[in-house]
Amino acid sequence: MTTTSNPVSAGPTVTVSCNNKPFDIPSGPSLVAKLKVIFGVPECDVLLQVIDGRVVPLDNAAFVDIVGRELFLSQPDSACAS
């Protein structure tokens, strides 16, 4: 789930995946831009989250509430200059 609130504190470590690779990260609110760094997603790419079978683009300034088993994907941003 995407939220706009600031993180309060990190919780226990949980596993999420990005581009079919598992990552162990702290649960709780996480800044999308920070997740991109953890996942090795280029700054110019868009991070997407699969929510209820829908692919939702995430804003770099948004926070995602990590609870475990979230699925993320990345793709090049067509608006970004190469």
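## Counting the disulfide

A disulfide is a pair of cysteine sulfur atoms within 2.5 Å. By this rule, the count in the structure above comes to one disulfide. Keep in mind as you read that this is a predicted model.

Which two cysteines are joined? The disulfide links Cys44 to Cys80, with an S to S distance of 1.2 Å. The pair ties together distant parts of the chain, 36 residues apart: Cys44 sits in the loop between H1 and S5, while Cys80 belongs to the segment after S8. The torsion about the S-S bond of Cys44 and Cys80 is about -130°, so this disulfide is left-handed.

## How covered are the cysteines?

Is Cys18 buried or exposed? With a relative accessibility of 2%, Cys18 counts as buried, because buried means under 20% relative accessible area. Cys44 has a relative accessible area of 27% and is partly exposed. Cys80 is partly exposed too, at 30%.

## Following the sheet

Now let your eye move to the strands. Five of them form an open sheet, and reading across gives the order S3-S2-S8-S5-S6, with mixed pairing. Why is one side of S3 and of S6 left without a neighbour in the sheet? Both S3 and strand S6 (54–58) stand at the edges and have a single partner strand each, so one side of each has no neighbour there. On average, neighbouring strands of this sheet are turned by 35° against each other, direction ignored.

Take one pair for a closer look. Strand S5 (residues 45–51) and strand S8 (residues 71–76) run antiparallel and are joined by six bridges. Within this pairing, Leu48 has Leu73 in S8 as its bridge partner.

Where does the helix go? H1 lies across S2, S3, S5, S6 and S8, and it runs at about 100° to S5.

In soluble globular proteins, nonpolar side chains tend to be buried together. Here, the largest nonpolar core has 15 residues, and Leu35, Phe39, Leu47, Ile66 and Phe72 are those with the most contacts inside it. The elements that give two or more residues to this core are strand S2 (13–18), strand S3 (21–26), helix H1 (32–39) and strand S7 (63–66).

Which residues does Ile66 touch, leaving aside its neighbours within four places in sequence? Its contacts are Val14, Val16, Ile25, Pro26, Ser27, Gly28, Ser30, Leu35 and Phe72. Among them, Leu35 and Phe72 are also listed with Ile66 for having the most contacts inside the core.

Technical notes:
Residues are numbered from 1 along each chain as its sequence is written. This is a predicted model: local features need pLDDT of at least 70, side-chain atom pairs count only at pLDDT 80 or more; totals for chains, interfaces and linings use all residues. Side-chain values use heavy atoms; hydrogens and water are left out. A nonpolar core is a set of buried Ala, Val, Leu, Ile, Met, Phe, Trp, Tyr and Cys residues joined through side-chain atoms within 4.5 Å. Buried means under 20% relative accessible area, exposed over 50%, partly exposed in between (1.4 Å probe, protein chains only). Helices (H or I, at least four residues) and strands (E, at least two) are DSSP runs, numbered from the N terminus. Contact means heavy atoms within 4.5 Å. Two strands pair if DSSP finds at least two bridges between them. Axes are lines fitted to C-alpha atoms, for helices over the stretch in contact, and angles run from 0 to 180 degrees between N-to-C directions.
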